[in-house]
Amino acid sequence: LHADNERFGSAVAMHKNAIVVGAPANSNSGVAYVYAADGTGPHTAAASWVEVAQLSGNSADIGDSTPALGTSVDIYDKTIVAGAPSGDAYTRGCVLVFTTSQDDQYRGWGYAAKLTASDAQNGDRFGYSVSIPNRNTIVVGAPYENPDSVSNAGSLYVFTGGGSNWAETQKITYSGASAETFMAPSASIANVYQTQGTWSHV
């Protein structure tokens with residue numbers, strides 16, 4: 001059973017036969033639920049879905065007692081990312097990465113890594129949005145970040161790697177942003193493109 005006021009459904013993502021659902025107010029810390037097709041239907045047209053995991057982080061992972069984990073979620077193959085924009089103390093924000101090595105890619109999920117911004121500041125809310133377009137790239141939105149001292153203009157951060165090893169490789173800002181622009185409330189890969197290893201705003 002779900003808890004009262006857990007905000008189940010605040011974020012949803014799907015890949016192949018798995019669905020991830022964020023509930024950022026669950027037990028005041030947040031959870032990402034994982035559902036798998038029960039096998040009674042072809043591919044994603046399964047007759048029903050079964051809960052197979054509840055992904056959460058302890059205080060060591062997230063660094064805050066009310067991180068709002070699950071505000072954003074995404075999944076690609078055997079990797080799930082969940083944003084905790086109130087985590088890492090003073091709402092700097094963080095993202096947790098969960099993986100599985102099992103052949104059945106929708107069982108056996110476990111904590112793999114924590115992502116934070118290299119220039120994190122209080123109130124950035126890094127992890128407000130996340131996207132994992134392929135197994136080697138994670139894009140994270142921080143809409144309250146202050147690039148070039150422009151208040152709450154927002155930024156995107158690109159990480160590359162895999163498994164438990166991820167490195168920040170680029171920070172994307174919008175050159176025309178003004179104060180309170182709040183860029184990156186969505187980190188959808190549709191908003192950026194990659195050319196010869198460099199990401200740019202479309």
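The points below take up confidence, the sheet, the paired strands, the cores and some backbone angles.

1. Basis of the note. This is a predicted model, in which local features need pLDDT of at least 70 and side-chain atom pairs count only at pLDDT 80 or more, while totals for chains, interfaces and linings use all residues. Residues are numbered from 1 along each chain as its sequence is written, and side-chain values use heavy atoms, with hydrogens and water left out.

2. Confidence. The average pLDDT (the predictor's confidence in each residue, from 0 to 100) is 80 for the protein, and 74% of the residues score at least 70. Residues 177-184 have a pLDDT below 50, yet this stretch has 32 contacts in the model beyond near neighbours in sequence; a contact means heavy atoms within 4.5 Å. Residues 190-199 stay under 50 as well, with 21 contacts beyond four places in sequence. Where pLDDT is low, the predicted coordinates should not be read in detail.

3. The open sheet. Four strands are arranged in the order β1-β2-β3-β4 with antiparallel pairing. Its edge strands, each pairing on one side only, are β1 (11-15) and β4 (49-55). From one strand to the next the twist averages 20°, with axes being lines fitted to C-alpha atoms and angles running from 0 to 180 degrees between N-to-C directions. Strands here are DSSP runs (E, at least two residues), numbered from the N terminus, and two of them pair if DSSP finds at least two bridges between them. Between β3 (residues 31-37) and β4 there are six antiparallel bridges; Ala-32 has Leu-55 of β4 as its bridge partner.

4. Five bridges join β5 and β6 in the antiparallel sense, and Asp-74 has Val-81 of β6 as its bridge partner. Two residues lie between the strands of this hairpin, in which Asp-77 takes a positive phi near 55°.

5. Ser-72. This residue belongs to β5 (residues 72-76) and counts as buried, at 6% relative accessibility.

6. Nonpolar cores. A nonpolar core is a set of buried Ala, Val, Leu, Ile, Met, Phe, Trp, Tyr and Cys residues joined through side-chain atoms within 4.5 Å. The largest has 19 residues, and Leu-55, Val-73, Ile-75, Ile-80, Phe-98 and Trp-109 have the most contacts inside it. At least two residues of this core come from each of β1, β2 (18-23), β3, β4, β5, β6 (79-84) and β7 (94-99). A second, separate core of 17 residues includes Val-81, Val-95, Val-97 and Tyr-157. Not counting residues up to four places away in sequence, Val-73 touches Val-81, with Val-12, Val-20 and Ala-32 also among its contacts.

7. Backbone angles. Most residues other than glycine have a negative phi. Thr-91, in the loop between β6 and β7, has a positive phi of about 50° and is partly exposed at 22%. Arg-125, in the loop between β8 (110-115) and β9 (129-134), has a positive phi of about 60° and is partly exposed at 27%.

Conventions:
Buried means under 20% relative accessible area, exposed over 50%, partly exposed in between (1.4 Å probe, protein chains only).
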